[in-house]
Amino acid sequence: MVKFLDYLRNIFAKDKKVNIGLYGHPNSGKTTLANSIAHDWIGNDIGQSSNVPHETRSVMKQEKVVIENDDTRLEFDIIDTPGISTKVDYKNFLEYGLEEDEAKSRAKEATKGIIEAIKWLDDVTGVLLVVDSTMDPLTQTNITIIGNLEARKIPFIVVANKIDHSDANIDRIISVFPQHTVIPISALKKEKLDDLYEEMFKKFN
Amino acid sequence: MNGLKMDFISSEALENASSMEKIYMIIERVKKGNIVVMEGGLTNYERTELIETTMREIDIENFVGIDVHTLEKDTTSFLGFSKKKTVVITIVGPANLMKTVKKQSNFLSMVADITKSDEVIS
């Protein structure tokens, strides 16, 4: 009887759509990571990344990404979400050389993007929480995202990004999130992405 | 007037409020330039709703969002098997006022730029 139930469960599990959301602060490297994953497995980029915060202001989706190794296979859709923050000040964008009108327009779009990212929490089945290793990880944004994922029982991996920077501090992230899986990578330099894929097989399959 | 108003709210004052009542109570005060200091914390749902509502209320020129900080303490489960952090104080203020925050495990230091307090919508 138990075997029969497992059999049925496996059938339904295979039919279940896997939506993996990339969440985190603006400029933590979500789109760079989404592009690296897409580039590795389907040969194209998903979106445009830049050093100006809130470059991604609406959710971008790449369907049917398949990652595999000798033993395992994972098929999923990548949901690259706009960075979540508690504030959006257009004046910050002026420092990056944007004109005032362009900065204001970007700020308005960013607020809508953050709402859209939060709404997508209802539809993701797994999450890569992308954290900038050079910054303090103990922020209200990260706490809020993790609290939501735990409450919804959505599996997630804390991706400690930007380890290629000399001021990256992986130990700080591990000490702040000791009960969660932390995988250090550089999305830009494509360092240690294999470690991330191995963990994705475990968490999201 | 360059002044800073801080509103201290006890947990008793909030215990009968719905989540949305709490959120709007915070946002309305913060939009006026006040810093809200609440006893206790918000639920996961309320924290998410606070961010979402803040994004809807941002008007680019006058209200650019919020800064949220918390102080926690360790609490042990009934049988003492597990520990978790419980928020004892939540501080929410206008993002353009709250400038410097130094946080340690049981200490929080904050500097508010009161020269900006008259720029906040009232």
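This is a predicted model: local features need pLDDT of at least 70, side-chain atom pairs count only at pLDDT 80 or more; totals for chains, interfaces and linings use all residues.
A residue counts as buried when its relative accessible area is under 20%, and as partly exposed between that value and 50%.

**First stop: an aromatic pair in chain A**

Select Tyr197(A), which has 3% relative accessibility and therefore counts as buried. Over all chains, the structure holds one aromatic pair. In that pair, the ring centres of Trp41(A) and Tyr197(A) are 5.4 Å apart and the ring planes stand at 80 degrees, so the arrangement is edge-to-face.

Now display helix 2 (residues 30-41) of chain A, where Trp41(A) lies, and helix 7 (residues 193-204) of chain A, where Tyr197(A) lies; the pair therefore ties together parts that are 156 residues apart in sequence.

**Second stop: a helix of chain A against a helix of chain B**

Select helix 5 (residues 140-152) of chain A together with helix 3 (residues 44-57) of chain B: their axes come within 9 Å and cross at roughly 130 degrees. The two helices are therefore oblique to each other. Helix 5 of chain A passes helix 3 of chain B in a left-handed crossing.

To view the contact itself, show the side of helix 5 of chain A formed by Gln140(A), Ile143(A), Thr144(A), Gly147(A), Asn148(A) and Ala151(A).

How values were computed:
Residues are numbered from 1 along each chain as its sequence is written. Chains are lettered from A and ligands numbered from 1 in the order in which they are written. Side-chain values use heavy atoms; hydrogens and water are left out. Axes are lines fitted to C-alpha atoms, for helices over the stretch in contact, and angles run from 0 to 180 degrees between N-to-C directions. Helices (H or I, at least four residues) and strands (E, at least two) are DSSP runs, numbered from the N terminus. Angles under 35 degrees count as roughly parallel, over 145 as roughly antiparallel, 65 to 115 as roughly perpendicular and the rest as oblique. A crossing is left-handed if the near helix is turned anticlockwise from the far one by less than a right angle, and right-handed if clockwise. Contact means heavy atoms within 4.5 Å. Rings of Phe, Tyr and Trp (its six-membered ring) pair if their centres lie within 6.5 Å; planes under 30 degrees apart count as stacked, over 60 as edge-to-face and the rest as tilted. Buried means under 20% relative accessible area, exposed over 50%, partly exposed in between (1.4 Å probe, protein chains only).
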